[in-house]
Amino acid sequence: LLYYIKKHGVNNAAIVNEYNEIRLVCDSIEIYGKKGDIISLIPMTYEVCGVTTEGLKYPLNDGRLYFGSNLVAVSNVMLGEKAVVKIKSGLLYAMRCPD
């Protein structure tokens, strides 16, 4: 659904419930939450290149993530109220889970 919405020109769409938020990263996004919120980055395409994060406990700098790989960026922790995720190619889900 997020990909379909993005293809039709809607930016910053999210799937949200009272506990979680899921966004699609095509280039860069800002994620707002609370210090200690959990952020997971899940590849939607086979390869996601140039993954760079800011405001997370375990930063990535121009990293690569692969769909289905055991090396993924899950359960990272927000250091403040804002985190930034940037990618150069591919598609990525960014999930914020406060609990």
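This is a predicted model: local features need pLDDT of at least 70, side-chain atom pairs count only at pLDDT 80 or more; totals for chains, interfaces and linings use all residues.
**Glu 21 and Arg 23**

I started with burial and found that Glu 21 and Arg 23 are both buried. My cut-offs: buried is under 20% relative accessible area, exposed is over 50%, and partly exposed is in between, with a 1.4 Å probe and protein chains only. I then looked at their side chains, which meet in a salt bridge at 2.6 Å, N to O. I call it a salt bridge when a side-chain nitrogen of Lys or Arg is within 4 Å of a carboxyl oxygen of Asp or Glu.

Residues are numbered from 1 along each chain as its sequence is written, and side-chain values use heavy atoms, with hydrogens and water left out.

**Arg 96 and Asp 37**

How many salt bridges does the structure hold? I get seven. One of them joins the side chains of Arg 96 and Asp 37, at 2.8 Å, N to O. Arg 96 sits in strand E9 and Asp 37 in the loop between E3 and E4, so this pair ties together parts 59 residues apart in sequence. For the element names, helices (H or I, at least four residues) and strands (E, at least two) are DSSP runs, numbered from the N terminus.

Are these two buried or exposed? Arg 96 counts as buried because its relative accessibility is 16%. Asp 37 is buried too, with a relative accessible area of 2%.

I also checked what else Arg 96 does. Its side chain reaches the backbone oxygen of Tyr 32 at 3.2 Å. The 2.8 Å approach to the side chain of Asp 37 is listed as a polar contact as well. That term covers a pair of N or O atoms within 3.5 Å; within protein, one must be able to donate a hydrogen and the other to accept it, and residues adjacent in sequence count only if both atoms are side-chain atoms.

Contact here means heavy atoms within 4.5 Å.

**Lys 88 and Asp 62**

Another salt bridge brings together the side chains of Lys 88 and Asp 62, at 3.2 Å, N to O. Lys 88 counts as exposed because its relative accessibility is 65%. Asp 62 is partly exposed at 43%.

Back to the network: salt bridges that share partners join Glu 21, Arg 23, Asp 37 and Arg 96 into one.

**Positive phi**

Which phi does Asp 62 have? I read a positive value of about 60 degrees, although Asp 62 is not a glycine. Ser 75, also a residue other than glycine, has a positive phi near 60 degrees. Ser 75 lies in strand E7 (residues 73–77), and its 46% relative accessibility makes it partly exposed.

**The open sheet**

I traced five strands in an open sheet, ordered E1-E2-E9-E4-E7, with antiparallel pairing. Strand E1 (14–16) and E7 stand at the edges with a single partner strand each, so one side of each is left without a neighbour in the sheet. On average, neighbouring strands are turned by 20 degrees against each other, direction ignored. Axes for that angle are lines fitted to C-alpha atoms (for helices over the stretch in contact), and angles run from 0 to 180 degrees between N-to-C directions.

E1 and strand E2 (residues 21–25) pair in the antiparallel sense over three bridges; pairing requires that DSSP finds at least two bridges between two strands. Ile 15 has Ile 22 of E2 as its bridge partner.

**The core**

The largest nonpolar core has 16 residues, and Val 25, Ile 31, Leu 41, Val 85 and Leu 92 touch the most other members. Such a core is a set of buried Ala, Val, Leu, Ile, Met, Phe, Trp, Tyr and Cys residues joined through side-chain atoms within 4.5 Å. Strands supplying at least two residues each include E3 (28–32), E4 (38–43) and E8 (82–86).

**Tyr 46**

Last entry: Tyr 46 is in the loop between E4 and E5 and counts as exposed, at 63% relative accessibility. Tyr 46 touches Leu 65, Tyr 66 and Phe 67, not counting residues up to four places away in sequence.
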